[in-house]
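Thank you for making the time this morning. I would like to walk you through one model, beginning with a chain as a whole and ending with some charged pairs.

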Amino acid sequence: MQEEFSLRDRNALVIGAANSLGRAAAVALAEAGANVGVSTTIRSRAEEVAANSCANEVWALDRKGFAQAIDAADEADVDALVARAVSEFGRLDILVNAHDLPFARPLVEISAQEWRRAIDVNLTAVFLASRAAGRHMLERAQTGARPGGSGRIINVASVLGERGMANGAAYCAAQAGVINMTRALALEWARAGITVNCIGAGWTEGMGIIGGEEGRRQLERYLPYKRLAKPEEITGVAVYLASDAAEYLTGQVIWVEGGALSHV
Amino acid sequence: MGVLDKLRLDGKIAVVTGAGRGLGRAMSLALADAGADLVATARTASQIEETAQLVREKGRECLTVTCDVTDSSSVQAMVEATLAEYGRIDILVNNAGGVTPGFANKLPDIDDRMWRTGIDTNLTGAVYCCRAVIPHMVERGSGKVINVTSGFGLRAGRDNFMYTSAKAGLINFTRSLTMTYAPVVQANLIAPGLFPHDDPAMAEWWKQGKFTPMGRLGKDEELGPLCVFLASDLTSYMNGQIIVLDGGGLAGGHAPTGFAPVVPLEGV
């Protein structure tokens, strides 16, 4: 049974490996057997250090991998990143879009430039990466599918793509955009054997929480689990979605949120 | 522990209702592959015996108990027999259900009895099983419940009243289990798309799945790994959720125009 979930000889690219979910997804895919390249979401020293450290964890598992600093909203950066994954691995099977740029501000105070940046990094970046990886995967689909289909695209979105939050209009809109883009793209590429799904992540350790410590305490009282998720509790889904076992599963959001969405 | 090791179910006891055929059998075999011992229940003894034989060929134990999930005393007896044999239940898969008399009747032609049978078969049976099993899970401090709903629990169908109502009810019943018993018990749902269960007539009725985005119908054995995944430690923070396995059907609708029309964007 574990064989059906194994990602041995698969090659993955995780964008946004500096945040806790991206890092955990990269490590989970590597543990399951995949080679994993990782990138930052934005160009910053802190992100670059974190992405390199994630690549080290991949190497420690005896898989191939690399880390690259990019701005995920930059077309040339993203195209170059995907080209590097294809050239280093020979083929790209799995793309995980774990980009995340938390942003919260009262709407009347958001400048048009800030709005565009929030949408660019949280939503448009997913389009750019999907397009670059999709071109490669579609081309391969025409030259004969391999076991497990031609490709897997796994987006990571937030519960804020399903529920609203005061002062979160830009972020909520972008996350909801990722969710419905997942469905549309799943339909578009279904016949090519490329599945497109979304992990709907609940509130997770290591991610930004609005409202600081008090906000976090309130949240923990509200959640049925009375605690935030550990990143590893969420990213196991990426292994399932990337595997042969999920060949028929596409266009779905798989929520891992400790019951948050069951709540009134 | 590596991520794949978390998918092992060694030493776990799994009860599967409706285990005699189709998805129930496929899920039973997958759970056994992952290391669980099984309790196969259904109304028809000969069918669950066949499932049990297949489980035993995998080197796992399998207790068979005939049970009508719509009869709460029958459910109670099944759970008692299980506990007498194994002393525990780690995983409960509420899979029993299906088409009942008057399934596609016009609303005025559904009599009281048809309505109750439809709801009992596809909702109340799972409620009875949860009611009988969950106290043991709570007492032992852990448990996994997997309820099998349907795309018809999320979307409607013309002249489809009992089945859609019951399967939708099962979804919100499951969410209330989450609100009540999380994190001790994890209750999630599987919503299979069009699975003909090796029945050629059914496959033909669904036009071989050509209106499904992926262009084919589901295979029973594709449900097995999903069941293992939900029963495993890999999904400990997932609770009250539905996983739809349907080849993209619900993402856009099973319609002739459901995927990939190309419309040019003017003026770019």
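This is a predicted model: local features need pLDDT of at least 70, side-chain atom pairs count only at pLDDT 80 or more; totals for chains, interfaces and linings use all residues.

Residues are numbered from 1 along each chain as its sequence is written, chains are lettered from A and ligands numbered from 1 in the order in which they are written, and side-chain values use heavy atoms, with hydrogens and water left out.

Let me start with chain B, which has 8 helices and 7 strands, where helices (H or I, at least four residues) and strands (E, at least two) are DSSP runs numbered from the N terminus. Of the 268 residues in chain B, 53% are buried, and here buried means under 20% relative accessible area, exposed over 50%, and partly exposed in between, with a 1.4 Å probe and protein chains only.

Turning to the charged pairs, the count over all chains comes to 25 salt bridges, each defined as a side-chain nitrogen of Lys or Arg within 4 Å of a carboxyl oxygen of Asp or Glu. One of them joins A:Arg43 and A:Asp77, at 3.2 Å from N to O. Because A:Arg43 sits in the loop between β2 (35–39) and α3 (45–60) of chain A and A:Asp77 in helix α4 (residues 75–89), the pair ties together parts that are 34 residues apart in sequence. A:Arg43 is exposed, at 54% relative accessible area, whereas A:Asp77 counts as buried, at 15%.

What, then, of a pair within one helix? A:Arg217 and A:Glu213 both lie in helix α7 (residues 212–222) of chain A, 4 residues apart, about one turn of the helix, and their closest N and O atoms are 3.8 Å apart.

Back in chain B, the side chains of B:Lys58 and B:Asp33 form a salt bridge at 3.1 Å, N to O. This pair links distant parts of the chain, with B:Lys58 in the loop between α2 (45–57) and β3 (62–66) and B:Asp33 in helix α1 (residues 22–33), 25 residues apart.
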